[in-house]
Amino acid sequence: AQAVITCKAAIAWEPGKPLSIEDVEVAPPKSHEVRIKVVTTGVCQTDNEYLYETEQRMKFRPFPLVLGHEGAGIVESVGPDVTKFSPGDKVIPLFLPQCEECDRCRSPKTNQCRRNWANTQVGVLADGTSRISCRGQQVYQFLGVSSFSQYTVVPDTSLAKIRPDAPLDKVFLLGCGVSTGYGAAVKTGKVEKDSKCAVFGLGAVGLAAVMGCKAAEAKTIIGIDVNPARFEKAMLLGATGCVNPSNYNKSIQEVIVELSQGGVDYALECVGSPAVMTAALESTIDAWGVCVIAGWSETESMNVAVEKILMGRTLMGTYFGGWKSVSDVPKLVDAYMNNTLKLNEFITHSLPLDRINQAFDTLKNGTSIRTAISLWPQ
């Protein structure tokens, strides 16, 4: 029988408090589960919101928990009934499953498989328990992943096998941020050649959306952020211009409608703020404007003027960029390896696991795009 592994993890004992590095026990994988050695993880805005803004913009999830849902690693062992993975495989764990059997997986219209969903949303696996424990207590797994741990266990339907030559310290970004933003443009919004686009928010998701608009050969790509330090990176990734809403005494949607002579064809909201979502919708042209919401909020409502929709606009949401997780993530890795998708430009900082709280700080103060957290001493 496989053994319990003792390793290091960053634990959130309660909301609003920094993470604490602890020794944890990671149980062997059960049926249809895979235990992975996590090599690199990113800290995403959703991790930060869940830790520091829980109850404001997020639904309740139980503590203590190991956060982290954007990572890459290597299969350590597989549980019974696992056929698609072997020890040594390079993998990206997924907060969105793809069972390939349900109606949703069979439909080209959606990527939203619900295998194990109710459980992973509250931090446990298929049998209702987590595989991580600390000081004799169960520690919940954020979105069923928990990449802030040197080892974790995930369902075999929530794991993408990737090519063996992929650098894990770069492709971890495809576990959330880059896939989400890039897909919001090319997959969900289906941005067209020579179109006019506006991207609201230039964090990792927004910058990836800019890159998606460029890949789709949009003619105009306006990046919007209150932090002008982001503009240089946005221009590098394809923005044709950048706007700081703080520089105007009128609404940002009025500014964008003017700049684009009537409104953009596509607006991509990558902030997660209802006010920005409304502004994004209202910045699109009537008749055929499309607004895609990629920013995350679980509890809030946005304000939509009925006339804005009546006149022909489309309001869409995207989850994980619309990608079928298990089958599309390896293709995105291939795109990176073939130099048709940029990842390196998103990584602004690198830190070891024991300094992970600094990654939260730089995310909050806007000085980082993504910090690559190494789970093992270099």
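Gly79 lies in the loop that runs between strand E5 (71-78) and strand E6 (90-93). The model that places it there is predicted. With a relative accessibility of 8%, Gly79 counts as buried. Leaving aside residues up to four places away in sequence, Gly79 touches Pro29, Lys30 and Glu33. Two of these contact residues, Lys30 and Glu33, also belong to a salt-bridge network with Asp127 and Arg131.

**Overall architecture**

- The protein contains 12 helices and 18 strands. Its radius of gyration is 20 Å, close to the 21 Å that the globule rule gives for 378 residues, so the protein is as compact as a globular protein of that length.
- Along the principal axes, the C-alpha trace spans about 65 × 40 × 40 Å.
- Of the 378 residues in the protein, 58% are buried.
- When contacts between residues at least 6 apart in sequence are considered, 69% of them join residues at least 24 apart.
- The accessible surface amounts to about 15300 Å², and carbon and sulfur atoms account for 51% of that surface.

**Surroundings of Gly79**

- The C-alpha atom of Gly79 is separated by 30 Å from that of Phe60, a residue 19 positions away along the chain.
- Lys30, one of the residues that Gly79 touches, sits in the loop between strand E2 (20-26) and strand E3 (33-42).
- Whereas Gly79 is buried, Lys30 is partly exposed, with a relative accessible area of 41%.

**Charges and salt bridges**

- The protein carries 37 positive and 39 negative side chains, and the centres of the two sets lie 3 Å apart.
- The count of salt bridges comes to 19.
- One of them joins the side chains of Asp127 and Lys30, with an N to O distance of 2.6 Å. This pair links distant parts of the chain, 97 residues apart: Asp127 is in the loop between helix H3 (117-121) and strand E7 (132-134), and Lys30 is in the loop between E2 and E3.
- Asp127 is partly exposed, its relative accessible area being 39%.
- A second salt bridge connects Lys170 with Asp169, whose closest N and O atoms are 3.6 Å apart. Asp169 is partly exposed, at 38% relative accessible area.
- In general, an α-helix has 3.6 residues a turn, so residues three or four places apart point the same way.
- Salt bridges with shared partners unite Lys30, Glu33, Asp127 and Arg131 in one network.

**Helix H5**

- In helix H5 (residues 177-188), 10 of the 12 residues are buried, so the helix is largely enclosed by the rest of the structure.
- Its buried residues are Gly177, Val178, Ser179, Thr180, Gly181, Tyr182, Gly183, Ala184, Ala185 and Thr188.
- These buried residues pack against helix H6 (204-215) and H11, and against strand E14 (266-269), strand E15 (290-293), strand E16 (314-317) and strand E18 (370-374).
- Lys190, which follows H5, has a positive phi near 50 degrees.

**Backbone geometry**

- Most residues other than glycine have a negative phi, and most peptide bonds are trans.
- Phe63 and Pro64 are joined by a cis peptide bond, with omega about -5 degrees. Pro64 belongs to the loop between helix H1 (45-52) and strand E4 (65-66).
- Arg135, a residue other than glycine, has a positive phi near 50 degrees. Arg135 lies in the loop between E7 and strand E8 (137-141), and is exposed, with a relative accessible area of 61%.
- Asn339 likewise has a positive phi, near 65 degrees. Its place is in the loop between H11 and strand E17 (347-352), where Asn339 is exposed at 72% relative accessible area.

Methods: Residues numbered from 1 in each chain as written. Predicted model: local features only at pLDDT ≥ 70, side-chain atom pairs only at ≥ 80, totals over all residues. Heavy atoms only, no water. Helix = DSSP H or I, 4+ residues; strand = E, 2+ residues; numbered from the N terminus. Rg over C-alpha atoms; globule rule 2.2 N^0.38 Å. Buried < 20%, exposed > 50% of the residue type's maximum accessible area, 1.4 Å probe, protein only. Contact = heavy atoms within 4.5 Å. Areas by Shrake-Rupley, 256 points an atom, 1.4 Å probe, with all protein chains shown as cover. Lys, Arg positive; Asp, Glu negative; His and termini not counted. Charge placed at Lys NZ, Arg CZ, Asp CG, Glu CD. Salt bridge = Lys/Arg side-chain N within 4 Å of Asp/Glu carboxyl O.
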